[in-house]
Every structure is written in C-alpha cells, then in structure tokens.
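Visitor: I'm new to this one. Could you take me through a single part of it, up close?

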Amino acid sequence: MKNMSSNRDLYEYISSFSSVLKLRGLKEMSDILDVAIGHASSSSTEFLGESRIALRRILNEENGALTGEERAAMVTVLEQIDKAFNRR
C-alpha cells in the first residue's frame, strides 16, 4: 500500500476500491465509498472526513467479504487520514 501523499491519491484509492467492490457484487459497500467520492470536490477536510467515515464503516460491516490484504490496506489508509487530521 503506497502512502497517500495527497487527496488525489486518496480519491484514486477509493475510486479503484469502489470499482472492485462493484465487480464483486458488493454494491452496498461500493455505495458507501461513492458517498465519500462525492465529497472530493468539497473542502479537503470534508473529503478526508467522509473518506474516514466510509472506510471505518466498511471495516466494521464487511463480515469477511474483504481479503486480509484489503482490510490491511484500509487500516493503513485510515492511519494516514488520522495523521492528516492531526496535522491540521
């Protein structure tokens, strides 16, 4: 998992992950990410916040639908989002 050095990196990660979930038939999870994607053109803080909410919700509700690698990547991304908020 690469470091998220910008909101653009986060946007690309979430968009890509949403597409993967859709292809697997996990539309509800994909829809959760799509809400965050919808905030990409909002303020940086709002996009980060919505992304954090979406990723945490998926982690809490996925019930084994994700691979260990996907869960680990999400945890890493969440840690990076938390660090970004702590710098604000």
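Guide: Let's start with the aromatic rings. Rings of Phe, Tyr and Trp (its six-membered ring) pair if their centres lie within 6.5 Å, and by that rule there is one aromatic pair here. The ring centres of Tyr13 and Phe17 are 5.9 Å apart with planes at 20°, so this pair is stacked; planes under 30 degrees apart count as stacked, over 60 as edge-to-face and the rest as tilted. Before going on, bear in mind that this is a predicted model, where local features need pLDDT of at least 70, side-chain atom pairs count only at pLDDT 80 or more, and totals for chains, interfaces and linings use all residues. Residues are numbered from 1 along each chain as its sequence is written, and side-chain values use heavy atoms, with hydrogens and water left out.

Back to the pair: Tyr13 and Phe17 sit four residues apart in helix α1, so about one helical turn separates them. Helices (H or I, at least four residues) and strands (E, at least two) are DSSP runs, numbered from the N terminus. Tyr13 counts as buried at 14% relative accessibility, and Phe17 is buried too, at 7%. Buried means under 20% relative accessible area, exposed over 50%, partly exposed in between (1.4 Å probe, protein chains only).

Helix α1 (7–23) also turns up elsewhere: along with α3 (44–61), it is among what covers the buried residues of α4, contact meaning heavy atoms within 4.5 Å. Those buried residues of α4 include Ala73, Met74, Val77 and Phe85. On the face of α4 turned away from its buried side, you'll find the exposed residues Glu69, Lys83 and Asn86.
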